There are 4 protein chains.
Amino acid sequence: MNDKKRLILDTAIKCFANKGYHATSIQEIADTAGIAKGSLYFYFKSKEHLLISIFEHGFTEFMTKMQAIAGDSDIEPRERLIRLTEVQFEQFVENHDFIMMLFKEHALHINEDMKQFLFGLRAQTIETYRSHILAIYGEEARPYMLDGASLFSGLNHEYSQYVLFAPESLDFRKLAEFLADRLDDVMFSMIAKRPEPILSEAKIEQFAEKAKMFSFKKARTVYDEISLLRKLIEGLQLESAQREDLLSSIQVLEAEFDKPNPQKVIVKGMLAVLKSCKEKEIRQVLQHIEAYL
Amino acid sequence: MNDKKRLILDTAIKCFANKGYHATSIQEIADTAGIAKGSLYFYFKSKEHLLISIFEHGFTEFMTKMQAIAGDSDIEPRERLIRLTEVQFEQFVENHDFIMMLFKEHALHINEDMKQFLFGLRAQTIETYRSHILAIYGEEARPYMLDGASLFSGLNHEYSQYVLFAPESLDFRKLAEFLADRLDDVMFSMIAKRPEPILSEAKIEQFAEKAKMFSFKKARTVYDEISLLRKLIEGLQLESAQREDLLSSIQVLEAEFDKPNPQKVIVKGMLAVLKSCKEKEIRQVLQHIEAYL
Amino acid sequence: MNDKKRLILDTAIKCFANKGYHATSIQEIADTAGIAKGSLYFYFKSKEHLLISIFEHGFTEFMTKMQAIAGDSDIEPRERLIRLTEVQFEQFVENHDFIMMLFKEHALHINEDMKQFLFGLRAQTIETYRSHILAIYGEEARPYMLDGASLFSGLNHEYSQYVLFAPESLDFRKLAEFLADRLDDVMFSMIAKRPEPILSEAKIEQFAEKAKMFSFKKARTVYDEISLLRKLIEGLQLESAQREDLLSSIQVLEAEFDKPNPQKVIVKGMLAVLKSCKEKEIRQVLQHIEAYL
Amino acid sequence: MNDKKRLILDTAIKCFANKGYHATSIQEIADTAGIAKGSLYFYFKSKEHLLISIFEHGFTEFMTKMQAIAGDSDIEPRERLIRLTEVQFEQFVENHDFIMMLFKEHALHINEDMKQFLFGLRAQTIETYRSHILAIYGEEARPYMLDGASLFSGLNHEYSQYVLFAPESLDFRKLAEFLADRLDDVMFSMIAKRPEPILSEAKIEQFAEKAKMFSFKKARTVYDEISLLRKLIEGLQLESAQREDLLSSIQVLEAEFDKPNPQKVIVKGMLAVLKSCKEKEIRQVLQHIEAYL
DNA sequence: AATGAATGAGAATTCATTCAT
DNA sequence: CATGAATGAATTCTCATTCAT
């Protein structure tokens, strides 16, 4: 990577970490980096793409080291988990600003891709912990592997904050061992006492489902929404050409939702057509319908 | 509280929870609430104050219930912690959008007050857990009370996500008990094995210090500001023509402020000239000087 | 129409007439109208839409008067053509700036709709002249109706320039009569001497075809365009979610065009989805496909 | 001419013909030509000059052939006009993109020279036609030579469009003859019927005058400018605070210019204050004053 | 109380032009 | 000659806030 590009990237990370993505202007990044605003656009085609680049670089750098350890089967599982945690903390320090940025704006849903990516990341973390737990504690631990993974993730996340704010006062190796010991504590206890687990594959799945299609609400059925929409549009004063367009898209929409497997694209497309109406109320209804996707 | 005000507040919470504070426009809130943009300003004097109001209401609602339990000494400590956790989850569901908003934009540092407030909140949570730990596990647990509090906080936070996204599939009482059991696991283990604690009062203090003072300002006089300005400008690499322009406007500025009745126009004019410097720091100083008018 | 909206519209027409669409900035329009830049956006959602509004209003105003005359069968055909021409000149003066704008930037192909509209306009003019010629000169003139219409259009266009720049020195009635006399001259001559006509339905059609799909590198069928689109999108680096969306909309698009009566809305909708790609080349292909509607 | 220069020129013509001058970026031309943006500036000192070069080359190429014919007194006048027209059409095909560009953006008034040039071109065309008409139809045609020239120009222009869009389907010789025949029709008719002419030398002159001076400036002294400024500002409806600000800056301005060595900074500053007025006229005056620095 | 038109500062982005290599 | 990185002014557009009604 180009020096200047790197400079911009690093500066942007710092700025985003300080004030958040939205509160940081391109001008600010350029000023801080000591370059002209236009130059930034030579390297990154938009603010959004700058953020995406940050993520790409941040994670590849971060992940390569992590995965080298995670995949090293020479190391015994418990030690591997400890090393993983230790290296994670080291990486936190090394990529302090990047991680800080993530901590600050937990959900940087700039676009759908980003959302999917961040969501997938979390899923992967839990997955890694789960497999380590199975490897460390054996088949007996299977019912608790998801709870164990979540518990460890929680502990990890909590101490990460201390790592981020005052890294010099912590011995990462010791901290990782400490956390592994605590995982031992809860795992051995659960294996011994056999409480009912909280999390199951099904629940995690359910959670994933929900989290993904968030920002959606329902209150009315799609059909209610669609017929409300029709009424609203009929009430507008429109050119006959536009009116016809809108009403036929509503028809298509209805037909699509009637099918056993409505095609997402068609719904999206019709909504896009309907979005040519700027009416407040209509927009709202469209958002609601969008939520059914 | 007025109905309309409540409506705006709830709508805003929902919007902020969906898209984040910065990505939500006042227009959007007004539209969603079905009121005029101007009306919003009748109830809240700015977007910032709207957010602050959200926090005030969100937390008072949230905290009153929590504190009723936390302070009820009739309940035995362990049970109290469980109830506290349970009620917390219930509150998460009840104030779903508000909590979602907090989760999404972890650090809403709109202004210094907000920052202090959010920071204090975290401190208070840890404090509550700590005192409960001491009460539950006795003096032996004292060296581990901070680690215990942090561990519990981490577990809590992790499962909170499941609570937020799929509350209907979780039994909060059972979950709270489960988490208390896990706290038992780690506390008893630590008390038994006496490992070296990770956190100490001193370290927490140090962390607090670091986290708090990330940005700060100090009051200066106009003359301080002006001389700071001169230094900054002298430090810049400029064309001699521009440099001269800038330095002479500083001179005029100083001379003007020295007069018994500085002419506002001249000050304004000189500031306008100086604004040709796009440097962030200089801009800031100019803003400060502008404030003296 | 709102006063302020009208003011903005009129000002914009004037500015566009003076310097052309591209060379006129929004700031300039706002300044000239004596309003704030933001206000303009309250009434028109973009510069492009401002232009579209100008066209809509300009033409409806213009056309209503023209069509009242064109459709008045009480008036004898030759007199009707004269009156049409006369009123056209009067309208040129009344809507001076608007017409000036059209003269200046002959092809304001801001978007495909605009292009189609302007093109249709010309077709309609020729059509009007043609029917008048048939009515005036009878069946004998049929072989020359297209040439006649073009000749008259040419004469008309040429003298329109004088009308626009120095209307006060011209008597529109006399000018219209003069032009009608000249049409007589050429029509009678052609009817008498029966030269080979230059234009035929087929040639006009051919011309229309060419002119419409201009800016196209080569004429392709919809299917070619769609498969080109697929290739382009497959070549992009996209998140799997978006990629899937795009590819399935292409599939729907193909399926729709395969049907005997493709539904316009569905095509529009799919195009709307595909427009999320901002790539220049893709955009172009989308415009081409749009043209098939 | 250098190969590379020719390449750039041709590419630019093509781009300008496709999208218009303003809508085409230098980057686009460079990309299409397959050269670096900077290289373009080696051959042409600006986008404007590139356009001017296009015109120069386009017209010299175009005109040399035309003028060879126009000036060939061996050819009998009517035949000369036909040949002229024929060659014109041939040239249209040969320089298709260049002509297309002219048709698209009818008035490329990039600067005053360009305007004069394009205007002169039109005048010259009319002049050529006029002299041919006199030569063909004799002194009797004198009263109608201007109308005849305009009529022929109109016919010519109209059919040029067909030539541009579908050249392959037209026989240029036949078309030219056809148009000459139509000129015969109208000229003989006018000579016979002696209608009142529409155009006269005086009117053409008047038209030229009007068309030429659409924008103009005249030099004033600083003091004139300043007092104009004061009048303009006094004519504005302003808050008393702002009004005072502005008027006092005008006073300072006047005082400063009265001094033997006006301080540049102060002038600049005052102008900056005055720029808070967004009025177009005021802005203009400010620019003029700025020029005195 | 409520509205929505109006504002203008500031945001992202584009682009002609320059310049060191 | 050629390049492409760098610039910064200008442009379109957004949005929190104000204000007359």
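Biologist: Which atom of B:I26 lies 2.6 Å from a phosphate oxygen of DNA strand F, one of the backbone or one of the side chain?

Modeller: It is a backbone N or O atom of B:I26 that lies 2.6 Å from the phosphate oxygen of DNA strand F. For polar contacts the rule asks for a pair of N or O atoms within 3.5 Å; within protein, one must be able to donate a hydrogen and the other to accept it, and residues adjacent in sequence count only if both atoms are side-chain atoms.

Biologist: Before we go on, what kind of model is this?

Modeller: This is a predicted model, in which local features need pLDDT of at least 70 and side-chain atom pairs count only at pLDDT 80 or more, while totals for chains, interfaces and linings use all residues. Residues are numbered from 1 along each chain as its sequence is written, chains are lettered from A and ligands numbered from 1 in the order in which they are written, and side-chain values use heavy atoms, with hydrogens and water left out.

Biologist: Back to DNA strand F: how many residues surround it, and which are the closest?

Modeller: DNA strand F is surrounded by 31 residues, with A:K4, A:F42, A:Y43, C:K37 and D:Y43 as the closest. A residue counts as near a strand if one of its heavy atoms lies within 4 Å of it. Of the atoms of DNA strand F that come within 4 Å of the protein, 70% belong to sugar and phosphate.

Biologist: Now DNA strand E. Which residues are the closest there?

Modeller: The closest are B:Y43, C:K4, C:S39, C:F42 and C:Y43, out of 30 residues that surround DNA strand E. Sugar and phosphate make up 72% of the atoms of DNA strand E that come within 4 Å of the protein.

Biologist: Let us turn to the protein chains. How many residues of chain A are in contact with chain B?

Modeller: There are 55 residues of chain A in contact with 56 residues of chain B, contact meaning heavy atoms within 4.5 Å. The area buried between the two chains is about 5100 Å², with carbon and sulfur atoms giving 63%. A:Y162, A:F165 and A:I198 supply 12% of what chain A buries against chain B, more than any other three residues. Buried area is the accessible area (1.4 Å probe) that two parts lose on being put together, summed over both.

Biologist: How many salt bridges and polar contacts cross that interface?

Modeller: The rule finds 6 salt bridges between chain A and chain B, a salt bridge being a side-chain nitrogen of Lys or Arg within 4 Å of a carboxyl oxygen of Asp or Glu. A:K174 forms a salt bridge with B:E196, with the closest N and O atoms 3.3 Å apart. On the chain A side, α8(A) gives the most, with 12 residues.

Biologist: Which chain pairs have no contact?

Modeller: No contact joins chain B and chain C, whose closest C-alpha atoms lie 12 Å apart. Chain A and chain D likewise have no contact, and their closest C-alpha atoms lie 12 Å apart.

Biologist: Finally, what is the secondary structure of chain A?

Modeller: Chain A has 14 helices and 0 strands. Its C-alpha atoms fill a box of roughly 75 × 60 × 30 Å along the principal axes. Within chain A, A:E254 forms a salt bridge with A:R230, the closest N and O atoms being 2.9 Å apart. That pair links helix α12 (residues 240–258), which holds A:E254, with helix α11 (residues 222–235), which holds A:R230, 24 residues apart.

Key:
Helices (H or I, at least four residues) and strands (E, at least two) are DSSP runs, numbered from the N terminus.
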